[in-house]
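Biologist: Hello, shall we go through this chain together? Please put it up on the screen and I will start asking.

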Amino acid sequence: MSVYDKLQILSDAAKYDVACTSSGVDRKGNGKGIGNCIAPGICHSFSADGRCISLLKILFTNECIFDCKYCINRASNDVVRTSFTPEEVCELTMEFYRRNYIEGLFLSSGVLHNPNYTMELLYQTLYKLRNEYHFQGYIHVKAIPGSSQDLIDKTGFLADRMSINLELPTSEGLKKLAPHKSRKTILAPMRQIQSRREENRYDVAVYRSAPKFVPAGQSTQMIIGATPENDYEIISVAESLYQKFDLKRVFYSAFVHVNEDSNLPMLPGGPPLLREHRLYQADWLLRFYGFQAGELLSEKRPNFNVLIDPKCDWALGHLENFPIEINRADYFTLLRVPGIGTKSARRIVQARRFGNLKFEDLKKMGVVLKRALYFITCQGRMMYPVKIDEDYILRNLLSVGEKLPFEANGYRQLSLFDDYNVDANMNAYAQKLIVQA
């Protein structure tokens, strides 16, 4: 099989793995190699459903010894199987980088023969890419659960970010849909990466020349909708992962029905993209807004209202806290107001040192007043006469209309072989030349 054929198969097989975003780390080129890594991120292009498309995103192999019921590459599926060699991955990465198609590599893999054998191949690939091809750009690699600590350590010094997919939110779901995997083998390398990163921070502080271990941190991914967990269980698991394993990101992947199996749910409306969107918004509240999972949801109220964002949902359930006075509230109280983000909250705190703020000032600072006006006062007055009533506010918020994410019937990752509207664009260009002539 040619490298081109392998690339078509293994790039398409990687599209369901969403756990790849910006690097979050700076690394300047030393002048001897090729590429660099910029902290604001390398993910400049996104598909319609928010997936990053600027990395060379491939599987090393789609062969796998496991038979996870939700996975297109499971052992029992009759699909064309193939694998790259380390040299082929290196050459592809370098050639695509030189052509400015990509800015980094996201490398995952099925499990070929056994976890150690697969992890050794991934390590060899990264070693060649860094030391023989002198690539200094961003690399995100998946650690293979069950592989040796030594292999994960060696690979971690070559990668910018590592991730281990949690797969499903609970161990019960894992037993049902991925019986060959266990929560223990997944969490063990997470703990190892966390511990090694903490040790490495001390080494780097003492010895400036010490190599960095997974400098951009680690992430994970959970499949949403394949098992019956509610939103409260999912965000509680995410909160625990952030607290116990110092993760940079938890990714939520709406379940895509690619296999026929009695244990898998039927999704007549397609992947639950709107639910995924709400979970990402809630995750943002956990990481940047000071919320806790128990504040957003509870066992009595276990799921988000998909019609409004989680912060509005929380505010409507806690109207006793509102309205708040913009000119007196502290930064963390401001963060809890729908329509006020981290940047606008900082601007409010800074600007009011020079005088009292008015509603027109808030709009200039980026506050979304169509949401915030029900929850705030400026100098003791509300923007309009409104009732602090849950039904009244909810009706008005919905009447304004929120821009919801596009509901697709399935995922589609941009391919290296796509030629979107090329013929139409060429025809339009030719027509324009004819008219000019």
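Biologist: Among contacts in the chain between residues at least 6 apart in sequence, what share joins residues at least 24 apart?

Modeller: First, a word on the source: this is a predicted model, where local features need pLDDT of at least 70, side-chain atom pairs count only at pLDDT 80 or more, and totals for chains, interfaces and linings use all residues. Residues are numbered from 1 along each chain as its sequence is written, and side-chain values use heavy atoms, with hydrogens and water left out. A contact means heavy atoms within 4.5 Å. Of the contacts between residues at least 6 apart, the share joining residues at least 24 apart is 67%.

Biologist: Thanks! What percentage of the 437 residues is buried?

Modeller: Buried means under 20% relative accessible area, exposed over 50%, and partly exposed in between, with a 1.4 Å probe and protein chains only. By that cut-off, the buried part of the 437 residues is 50%.

Biologist: Which helices and strands do the buried residues of helix 6 pack against?

Modeller: Helices (H or I, at least four residues) and strands (E, at least two) are DSSP runs, numbered from the N terminus. Helix 6 covers residues 183-206, and its buried residues include Ile186, Met190, Ile193 and Arg196. The packing partners of these buried residues are helix 4, strand 4, helix 5, strand 5 and helix 7.

Biologist: Over which ring does the charged end of arginine 196 sit?

Modeller: A charge sits over a ring if NZ of Lys or CZ of Arg is within 6 Å of the ring centre and within 35 degrees of the ring normal. Lysine 154 lies over the face of tyrosine 123, at 4.4 Å from the ring centre. For arginine 196, the distance to the ring centre is 5.8 Å, and the ring belongs to phenylalanine 213.

Biologist: Why is the pair of tyrosine 331 and phenylalanine 332 called edge-to-face?

Modeller: Rings of Phe, Tyr and Trp (its six-membered ring) pair if their centres lie within 6.5 Å; planes under 30 degrees apart count as stacked, over 60 as edge-to-face and the rest as tilted. The structure holds 10 aromatic pairs. In this one the centres are 5.3 Å apart, and the pair is edge-to-face because the planes stand at 80 degrees.

Biologist: And are tyrosine 374 and phenylalanine 375 buried or exposed?

Modeller: Tyrosine 374 and phenylalanine 375 also pair edge-to-face, 6.4 Å centre to centre with 75 degrees between the planes. Tyrosine 331 is partly exposed at 23% and phenylalanine 332 is exposed at 57%, whereas tyrosine 374 and phenylalanine 375 are both buried.

Conventions: The expected span of a helix is 1.5 Å times one less than its number of residues.
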